[in-house]
Amino acid sequence: MGQLVVKNLSKVYGDAGSPGSVAALRDVTFEVPNNHFCAILGHSGCGKTTLLNIAAGFEPPTAGSVAVDNVPIRAPGWQNTMIFQDYALFPWMTASQNIAFGLEMKRLPSHKRMDITRHYIELVGLDGFEDKFPHQLSGGMRQRVAIARALAVQPHLLLMDEPFAALDAQNRSFMQDELVRIWQREPKTVVLVTHSIDEAIKLSDCIAVMTRRPGRVKEFINVGLPRPRDEDDNSYLRLKRRLRDLIHDEVG
Amino acid sequence: MQSENVAPVSGSDSMPAMAPQADEVRTRSRIIRLFAFLPNLTMLAIVILAWQFASSIWLPSIDPHMAVLMPAPSTIAVTAAGMIASGELLFHLLASLKREASAFLIAATAIPLGIAMGWWRLVYNQVNPIMEILRPIPPLAWIPLSILWFGIGDEQNEFIIFLGMFFPILVNTIVGVKNIDPNLVRAARSLGAPEHKVLARIVLKGALPQIITGVRIGLGVGWMALVAAELVGANSGLGFLINDARSMLRTDTITVGMLAIGVVGFLIDSAIRALGRQLLPWSLALSK
């Protein structure tokens, strides 16, 4: 459950060919096997968020397709849920009500909702904070709620849009480790968008490096390093240098 | 001195009486806060004293008739006590409150309309031109036409109040819906929420603080329009009371009526604010 196939995907904003139109993506093709963690790495404005929005069903593609287990994505839904950079927690719901929202939308009976919510509160480490409102929680805690809320609906594909960009460096590194821990406990097909090389190496099985706009996949790299990833390891550093060169070409 | 009073009483009778003691401390700190607030009323006290002096000593010394135009606070207090005791003030107050309440029940239709206008572009584009023309017309400008339509009485009064309430509630509801973080709507859809659930659970909820602000403003504007409507077309209510007293040169009754209008308007506003804080503890805008 959860093989992602992106095929010849293109996105043009405005009428194609007209002077105001912007080509965000051009002919993007790649695959992410079931339960693999894939990072989309690129500069801001390379169309990586557009790619994510199409995969989440928020925007239609201009050409090509995104499919999970051979079912093309046409609309937003729990099967392909998204975690936002600004968390997008519902401010009028407590942490546990936020987590239970998707379960309620799936019309699960209330005892089941409670069990699942409880499970994810424990999994992401929110014990004791379940009755707090989002504005009473720190940034890291809010992102935990967002992760739990997304995992609770058992998506086939989990999309993350620079989920840790709003956190300070220390919290970010800690939350990255937490995400790996959670994902190893409950594997999912994940597509994470980032502009941080370290974040991409630390978290992913595979990395799609994007070109400048219009975004194409410049190189698709299988990381193949053992977890937990050691930042001082030679092969880590070699990969980091390679990614930096790939990305650097795109600036000039 | 004060901090000493806040601390719980320590000593022999501590353990078994924990809960009542906590209550006692809370009451005590409330009283202390009240006393801390009192210095803010210095200015008010000076104004009242000056007024008392002007009305009972200074003005009569110039011209005894002028004293009638500006009743002294002491006279007003006596008149107010009499009107409260006789039930006259309560009678008119209830008449006004009843009109305000019935008008609000109708004006609350601005909430669903505002949500529809804020959410569906088509509804907004069609309805907004009508509202933009009607909105700048002051409720009072409707009085002549409304008297011809409804005659003099409750319906005419309520119509004027309704007009005063409707537009602030409508405008604030539209703004509330339009200002909802689009990512919240996306997040809800991404968690599998169908369109009607997005509307009920996200849009309505998210707009609620702004809707409550609209209701507060609407009730305030309605209260002002109410008094004006009663001046012209009623035989009960606070507006009627002060206008009726004018014909008999009862300036003290007029002043009591005016103060009642002010105090009750303030209480309505405070009640809505307290209700908003109680119902929406998550709203940072309302907690201010």
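Colleague: What makes strand 6 and strand 10 of chain A the edges of their sheet?

Modeller: That sheet is open and has 6 strands in the order 6-7-8-3-9-10, with mixed pairing. Strand 6 (80–83) and strand 10 (217–222) of chain A each have a single partner strand, so one side of each lacks a neighbour in the sheet. From one strand to the next, the twist averages 20 degrees.

Colleague: Which way do strand 1 and strand 2 of chain A run, parallel or antiparallel?

Modeller: Strand 1 (residues 4–13) of chain A is joined to strand 2 by 7 bridges, and the two run antiparallel; K11(A), for instance, has L25(A) in strand 2 of chain A as its bridge partner. They belong to an open sheet of 4 strands in the order 2-1-4-5, whose pairing is antiparallel, and its edge strands are strand 2 (22–32) and strand 5 (71–72) of chain A, each pairing on one side only. Helix 1 (residues 48–56) of chain A packs on this sheet, touching strand 1, strand 2 and strand 4 (63–68), and its direction makes about 65 degrees with that of strand 2 of chain A.

Colleague: How many strands does chain B have?

Modeller: Chain B has 0 strands and 15 helices.

Colleague: How does the radius of gyration of chain B stand against that of a compact globule?

Modeller: A compact globule of 288 residues would have a radius of gyration near 19 Å, whereas chain B has 25 Å, and along its principal axes the C-alpha trace of chain B spans about 75 × 75 × 30 Å. Chain B is divided into domain 1 (1–70) and domain 2 (71–287), with 32 Å between the centres of the two domains. The contact between them takes 8 residues from domain 1 and 6 residues from domain 2 of chain B, and helix 3 (42–62) and helix 4 (64–69) of chain B each supply at least two residues of the domain 1 side. Helix 3 of chain B gives the most to that side, with 5 residues.

Colleague: How many residues of chain B are in contact with chain A?

Modeller: 15 residues of chain B are in contact with 21 residues of chain A, where contact requires C-beta atoms, placed from the backbone, within 7 Å. Helix 11 (182–190) and helix 12 (195–233) of chain B each supply at least two residues of the side that touches chain A, and the largest share, 6 residues, comes from helix 11 of chain B. The residues on this side of chain B divide into 8 nonpolar, 3 polar and 4 charged, and for the complex the predictor gives an ipTM of 0.92 and a pTM of 0.83.

Colleague: Where in chain B is the pLDDT below 50?

Modeller: Chain B averages a pLDDT of 88, and 92% of its residues score at least 70, but over residues 1–18 of chain B the pLDDT is below 50. Where pLDDT is low, predicted coordinates should not be read in detail.

How values were computed
Residues are numbered from 1 along each chain as its sequence is written. Chains are lettered from A and ligands numbered from 1 in the order in which they are written. This is a predicted model: local features need pLDDT of at least 70, side-chain atom pairs count only at pLDDT 80 or more; totals for chains, interfaces and linings use all residues. Two residues are in contact if their C-beta atoms, placed from the backbone, lie within 7 Å. Ala, Val, Leu, Ile, Met, Phe, Trp, Tyr, Cys and Pro count as nonpolar, Asp, Glu, Lys and Arg as charged, and the others, Gly among them, as polar. Two strands pair if DSSP finds at least two bridges between them. Axes are lines fitted to C-alpha atoms, for helices over the stretch in contact, and angles run from 0 to 180 degrees between N-to-C directions. pLDDT is the predictor's confidence in each residue, from 0 to 100. Domain bounds come from an automatic or database domain assignment. The radius of gyration is taken over C-alpha atoms; the globule rule is 2.2 Å times the number of residues to the power 0.38.
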